[in-house]
Amino acid sequence: MTHLYPPIARWMIPEAALEATLRDLRRTGQLGREGGALWLGDRASDATILTVATASGEGVLERTGSWSLSPTAYGRIGEWAIARGRVLLALIHSHGGAGELATSLSPTDEFATVHVPDFLSVVVGRRGDEDDPTAWGYHVFEDGRFRRLGAAEVAERIVWISSPVEHLRFDETIVEELGV
Amino acid sequence: MSVETEKHSEGEEEERAKRTAVKVRVSYQPTTVKFEKKYPRETVLTLVKGDAMAFFQVAERTEGRKVYTYHLFYQGQPQDDLSKTLGALAGEQHDIDLQLVEQIVES
């Protein structure tokens, strides 16, 4: 029987995903707003990120203090992903400030997001202007709640690889391929 | 009943089942596994949504005044009138693809 949510031991993340994600977080950060992106890929014990989907436009609310996707925008990228066998592995979004508190999930972050085993929720501080991924907050959903990964676990389970990544932009009306 | 009459009856049964049933497939972004089930055409979406959510092991939740809900999407459109039947949604079709979708809010 196919496992619904195969356990994830490690997330294999192309270094190219770093720049593709931060470019958009910095864009919103420069406006004083939070931004976000979805990381899609293959779910396995070593889950590989293959696609960075950044969101801007209709159905994407970027505000000081919050970022949200309408169900229609989320559904649009979902159609793209499902057609290609990609699954949603992680959500990454920005906060202002730096340090452990700033890169922790807020109560809303924990509540209003995907709740499936080993879903990864990542917080980037300095409104996205933080290019050291070891300074980010990594939170995994397990046993019904999000748990922040400690430094040793991040070093072991968040693996940066040299590999291309697809970059998309989406909103309620379109999924635009921005290249590899 | 002769073998021929039996086969004819089975064939009629199959045809009747096709006319009266809709095969539903529901996708959910965090997994490649789809929920699949045949329902009578008069089944309302409330039931389909509930079965799909149970299959994907997700639940609507509240926290104070905040409510986190899931939506069924068909052909890119939200189907929030859950009293609608599969027959009304599918029209002449005998199988349809839906997506279970949520709203993401980060702060």
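I began with helix α1 of chain A and looked up its buried residues (under 20% relative accessible area, with exposed meaning over 50% and partly exposed in between, for a 1.4 Å probe and protein chains only), which are A:Ala17, A:Leu18, A:Ala20, A:Thr21, A:Leu22, A:Asp24, A:Leu25, A:Thr28 and A:Gly29. I note that the model is predicted, that local features need pLDDT of at least 70 and side-chain atom pairs pLDDT 80 or more, while totals for chains, interfaces and linings use all residues. Residues are numbered from 1 along each chain as its sequence is written, chains are lettered from A and ligands numbered from 1 in the order written, and side-chain values use heavy atoms, without hydrogens and water.

Helices (H or I, at least four residues) and strands (E, at least two) are DSSP runs numbered from the N terminus. After α1(A) I found A:Gly32 with a positive phi, near 75 degrees.

Next I followed an open sheet of three strands, in the order β4(A)-β5(A)-β8(B) with antiparallel pairing, strands being paired if DSSP finds at least two bridges between them. β4 (60-63) of chain A and β8 (104-106) of chain B are the edges, each with a single partner strand, so one side of each has no neighbour in the sheet. Between β4(A) and β5 (residues 66-69) of chain A I found four bridges, and A:Leu61 has A:Ser68 as its bridge partner.

A:Trp136 and A:Trp160 are edge-to-face, 6.1 Å centre to centre with 80 degrees between the planes. A:Trp136 lies in the loop between β7 (120-124) and β8 (137-142) of chain A and A:Trp160 in β10 (residues 158-161) of chain A, so the pair ties together parts 24 residues apart in sequence. A:Trp136 is buried at 3% relative accessibility, whereas A:Trp160 is partly exposed at 24%.

Ring pairs also link a cluster including A:Phe111, B:Tyr28 and B:Phe35. The charged end of B:Arg61 sits over the ring of A:Phe111, 5.8 Å from its centre (CZ of Arg or NZ of Lys within 6 Å of the ring centre and within 35 degrees of the ring normal).

Key
Phe/Tyr/Trp six-rings, centres within 6.5 Å; stacked < 30°, edge-to-face > 60°.
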